[in-house]
Amino acid sequence: MIRRFEDKCNIAYRQGLVGGYMHVYIGMEATAVGWNAALKPGWDYVITAYRDHAQPLIMGSDPVKVMAEIMGRSGGYSFGKGGSMHIYDIENCFFGGWGIVGGHTPLGAGLAFAAKYRKEDRVTICYLGDGASNAGVFFESLNMAALWDLPVIFIIENNEFAMGTRLEYHAADTQLYKRGEPFGIKSERLDGMDVLQVKADAERIVNWVRENQKPYLVEVMNYRFAGHGAADNDRQLYRTKEEEDENTKRDPIARLEKYLTENNLMTAEKMEAINVEIEERVEAIYEEAVNSPHPEPHEVYAHVYSDMEPEKGH
Amino acid sequence: MPTQELSYRDALRMALVEEIDRDQNVFVMGEDIGRYQGTFRVTEGLFQKYNVEQNDWRIIDTPIVEPGFTGIAIGAAMTGLRPVVEMMTMSFSILALDQIINHAAKIHYMTGGQSTVPMVIRGPGGAAKQLSAQHSHSLEGWYAHCPGLKVVAPATPQDAYSMFKQAVRDDNPVIFTENPGLYTIKGEVTTGPDVLQPFGKAQVLREGKDLSLVAYSRMVHVCLEVADRLAEVGISAEVVDVRSLLPLDTETIYQSVRKTNRAIVVYEDWKSGGFGAEIASRISEDCFDDLDAPVGRVGGLNVPMPYSRVLELECIPNADDVMAAVRKLG
Ligand SMILES: Cc1ncc(C[n+]2csc(CCOP(=O)(O)OP(=O)(O)O)c2C)c(N)n1
Ligand SMILES: [Mg+2]
């Protein structure tokens, strides 16, 4: 469903229905699916960067509102003012959706701090990229999370690239899980492509954090199949075709399908039927989103403040 | 001296290449500027050209740590190197404000003249297309507020070329802002090793007698369009390109206002507290007796930049907005 949804986003982008920057999660889905499966829905918090379409879809957000937001329509979660990089569904505990690399990591620690303050047993997952794991504010956040025993799991999604810069060109120590060690944070490197394995690991760690009320750092090894963003159309600048082909063999969805067939858990017919159903659902989502109107010009002033309007006019 | 037609982007790159070739101390650092060729392609081809050996450090891909790499550049500059730091967009330079304002801008003063910081911080500033609230800032007014920095915002390919070369040779930290809407515009550019445009000199891009339109960066082109439209109805507008905010050439602006007796300042930054407010207030203060009407101002809407193209266009001043301000002057 996420894969088809984002395929459709890519089509919408090429049709000119989506502008600006749009980053898809294609290839990395098993990570968010597996980890979210270990969370208490509507209770535990999730925050991520700009590659943020998958999480709300998994967490039960309205996919039409997600796609409408990506298209900048008034029916979107932020009424067209956020866009692809800034999706939020606070009611469902999804806190976005951030465009400054590494900038959201202290917010993740802050969400966990709020849970701790109120003595709630919520766990917060804060996703960040391998590139973001170099940011100073991330180290600052790790320190405070350890110092105050915040129940936050920092998940570094190591997809081997920060935009067009390969891991070894941006990180002195490429074993990113070790970044938790100086702060005494329990840290491990785990697979992010086999959804069943991810889920098992996630359950173990989420339970540990909930029980022990301490932070955790996980480096998840995954791979993005697409370009960094929709505007990245020359991936050969930073990685070879062979390398990509090799990695697409790790496709988490194909892997799950294979597992289900080989273990006679699902027939090929059933799988095909599901695929058809998903295609139809995504088509319907697209239709509804694209028919949502553009915002009215006067809406430009709304939501700048909660209790007043800004000065108007040019 | 040779002249050729160049885009703003190519003029910038040409100036950069010439300065790298001229002075061993010049090096370039930033995010994705090397192997990836630069987000807005200003540094295209430079990595292949200059990073031939393992130990070549002319073109440096940095991690995504604006405070960290800006600080490294400042330290290097204090020893006499001349770093050119690219901000992928000026919006990201906010992370490095501490390094730029608390450090770079104060070092010459605090060391009693013992040290200088000859560095350039350049990058796209202002709205591109639907990059929404966190990628569209015009920050030149913030920087122009800060003594110790120089701030320039060239509007033409010629100035991109000659002001960039000037910036690299300046011994002070220079903020060099490039509106992303300008990268593809073309113009005749006179090139040469010493084609430099000293800062603090505004230019009159179009002469007129009824009204002065004062702007910098991309808004200069909006004003030129307005001047065309006004000419059709028999109004002769003069267009002044400020191009250097700090230092600011008030004299050229005042001369124009003394001739036309009317002025409108146009800028993309948030209208409230933006640099255009500074220019307008100076005209009001210093040319009060020459003015037949209050100084007009057209600025960006006072809201975070929305993602929707409809709303984004609502925010950025255009020729219609300036025409409305002209009518208001009477
Ligand atoms: C502070 C800041 N600097 C630069 C950028 C531009 N940028 C956006 S994403 C990105 C790469 C980040 O890579 P990573 O953290 O590995 O995340 P991934 O895209 O792989 O999910 C860059 C350089 C930004 N958005 N914010
Ligand atoms: Mg990455």
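Is A:Phe161 buried or exposed, at 3% relative accessibility? A:Phe161 counts as buried, where buried means under 20% relative accessible area, exposed over 50%, and partly exposed in between (1.4 Å probe, protein chains only). The model is predicted, so local features need pLDDT of at least 70 and side-chain atom pairs count only at pLDDT 80 or more, while totals for chains, interfaces and linings use all residues. Residues are numbered from 1 along each chain as its sequence is written, chains are lettered from A and ligands numbered from 1 in the order in which they are written, and side-chain values use heavy atoms, with hydrogens and water left out.

A:Phe161 also belongs to a metal site. The magnesium ion (ligand 2) is coordinated at 2.0 to 2.1 Å by A:Asp130 (OD), A:Asn159 (OD1) and A:Phe161 (O). Donors are N, O and S atoms within 2.8 Å of the metal (3.2 Å for Na, K and Ca); water is not among the atoms, so sites may look incomplete. A:Asp130, at 1% relative accessibility, counts as buried.

The structure also holds an interface. Here 42 residues of chain A are in contact (heavy atoms within 4.5 Å) with 39 residues of chain B. Together the two chains bury about 3300 Å², 65% of it on carbon and sulfur atoms; buried area is the accessible area (1.4 Å probe) that two parts lose on being put together, summed over both. In chain A, A:Tyr21, A:Ile100 and A:His314 lose the most area to chain B, together 23% of what that side buries. Across this interface the rule finds zero salt bridges, each defined as a side-chain nitrogen of Lys or Arg within 4 Å of a carboxyl oxygen of Asp or Glu.
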